[in-house]
Amino acid sequence: MSREIIHYSILFISLLLIQVLICNHIVLFNVATPIIFIYFIVRLPMHLSTNWIITLSFLLGLLVDIFSDTLGMNALACTTLAMMRRKIFALYNNREDRFKEITPCISTLGIMTFSKYLITMSLCYCALIFLIEYFSLSHITIMLIKIVSSTILSFIIILGIDSLMAKQS
């Protein structure tokens with residue numbers, strides 16, 4: 001159990017640092033921002049209690065907010081994503097008997113199921129964060145472009161990270 005805690009602690013810190021030091025400064029074509037720190041929320045084991053997942057997600061979002069000066073936007077989006085996580089996972093996983101024992105990744109779910117789960121989680125997070133950022137539908141076109149482009153970019157990068165982690169295991 002302590003090895004798993006160390007693994008997730010390193011993942012938490014690494015994703016946080018990469019997000020605030022590198023990814024927050026990348027904006028492709030003035031619309032797409034890679035959001036990779038949500039991989040921590042995506043990857044948490046399903047057997048972990050919802051209270052722990054929400055607490056860890058809030059803490060991760062709050063730390064990103066502190067370093068990015070975004071006034072709680074990421075904390076709100078991460079907390080909401082953590083609450084939606086099991087429902088989204090249940091959409092793509094038919095195995096009720098093993099539901100609690102799964103850690104979502106390519107090696108446990110397969111590429112298609114994990115991709116559907118990951119794209120849905122990325123889309124939900126990007127939609128939440130950009131809706132919170134704009135807090136209006138007056139610029140809906142640019143907001144939708146940012147949501148879609150950031151979702152695709154984040155999905156590709158996180159899928160790459162997960163495939164690299166699968167090779168290490």
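Colleague: Which residues of H4 are met by residues of H3 such as Thr50, Ile53, Ile54 and Ser57?

Modeller: The model is a predicted one. On the H3 side, the contact involves Thr50, Ile53, Ile54, Ser57, Phe58, Gly61, Leu62, Val64 and Asp65. Their partners in H4 are Met73, Asn74, Ala75, Cys78, Thr79, Ala82, Met83, Arg85 and Arg86.

Colleague: How are H3 and H4 oriented relative to each other, roughly parallel or roughly antiparallel?

Modeller: The axes of the two helices come within 7 Å and cross at roughly 155°. Angles over 145 degrees count as roughly antiparallel. The relation of H3 to H4 is therefore roughly antiparallel.

Colleague: Is the crossing of H3 and H4 left-handed or right-handed?

Modeller: The crossing angle of H3 and H4 is roughly 155°, with the axes coming within 7 Å. The hand of this crossing is right-handed.

Colleague: What span does H3 reach from its first C-alpha to its last?

Modeller: H3 covers residues 50-68 and has 19 residues. At 1.5 Å a residue, a span of 27 Å is expected, and the model comes close to that value. The span reached by H3 is 26 Å.

Colleague: Within what arc do the buried residues of H3 fall, seen down the helix axis?

Modeller: The buried residues of H3 are Ile53, Ser57, Leu60, Gly61, Val64 and Asp65. Seen down the axis, these residues line one face of the helix, because they fall within an arc of 140°.

Colleague: Which exposed residues lie on the face of H3 turned away from its buried side?

Modeller: The buried side of H3 has a cover that includes helix H1 (2-21), helix H2 (39-43) and helix H4 (73-92). The face turned away from that side carries the exposed residues Asn51, Trp52, Ile66 and Phe67.

Colleague: Which residue follows H3, and near what value is its phi?

Modeller: H3 ends at residue 68. The residue after the helix has a positive phi, and that residue and value are Asp69, near 60°.

Colleague: How are H1 and H3 oriented relative to each other, roughly parallel or roughly antiparallel?

Modeller: H1 and H3 pack at an angle of about 30°, with their axes 10 Å apart. Angles under 35 degrees count as roughly parallel. The orientation of H1 to H3 is therefore roughly parallel.

Colleague: Which residues of H1 and H3 make the contact between these helices?

Modeller: The crossing of H1 and H3 is right-handed. H1 contributes Phe12, Leu16 and Val20 to the contact. H3 contributes Leu56, Leu59, Leu60, Leu63, Val64, Phe67 and Ser68.

Colleague: Within what arc do the buried residues of H1 fall, seen down its axis?

Modeller: The buried residues of H1 are Tyr8, Leu11, Phe12, Leu15, Leu16, Gln19 and Val20. They line one face of the helix, because seen down the axis of H1 they fall within an arc of 135°.

Colleague: Which exposed residues are carried on the face of H1 turned away from its buried side?

Modeller: H1 has 20 residues and reaches 28 Å from its first C-alpha to its last. The face turned away from the buried side carries Ser2, Arg3, Ile6, Ile10 and Leu21.

Colleague: How are H4 and H6 oriented relative to each other, roughly parallel or roughly antiparallel?

Modeller: H4 and H6 pack at an angle of about 150°, with their axes 9 Å apart. H4 passes H6 in a right-handed crossing. Angles over 145 degrees count as roughly antiparallel. The orientation of H4 to H6 is therefore roughly antiparallel.

Colleague: What is the relative accessible area of Phe29?

Modeller: Phe29 lies in the loop between H1 and H2. Its phi is near 55°, a positive value in a residue other than glycine. Phe29 is exposed, with a relative accessible area of 78%.

Colleague: What is the relative accessible area of Phe135?

Modeller: Phe135 is found in the loop between helix H6 (111-134) and helix H7 (140-168). Its phi is positive, near 50°, in a residue other than glycine. Phe135 is exposed, and its relative accessible area is 74%.

Definitions and conventions. Residues are numbered from 1 along each chain as its sequence is written. This is a predicted model: local features need pLDDT of at least 70, side-chain atom pairs count only at pLDDT 80 or more; totals for chains, interfaces and linings use all residues. Side-chain values use heavy atoms; hydrogens and water are left out. Helices (H or I, at least four residues) and strands (E, at least two) are DSSP runs, numbered from the N terminus. The expected span of a helix is 1.5 Å times one less than its number of residues. Buried means under 20% relative accessible area, exposed over 50%, partly exposed in between (1.4 Å probe, protein chains only). The arc is that of the directions from the helix axis to the C-beta atoms. Contact means heavy atoms within 4.5 Å. Axes are lines fitted to C-alpha atoms, for helices over the stretch in contact, and angles run from 0 to 180 degrees between N-to-C directions. Angles under 35 degrees count as roughly parallel, over 145 as roughly antiparallel, 65 to 115 as roughly perpendicular and the rest as oblique. A crossing is left-handed if the near helix is turned anticlockwise from the far one by less than a right angle, and right-handed if clockwise.
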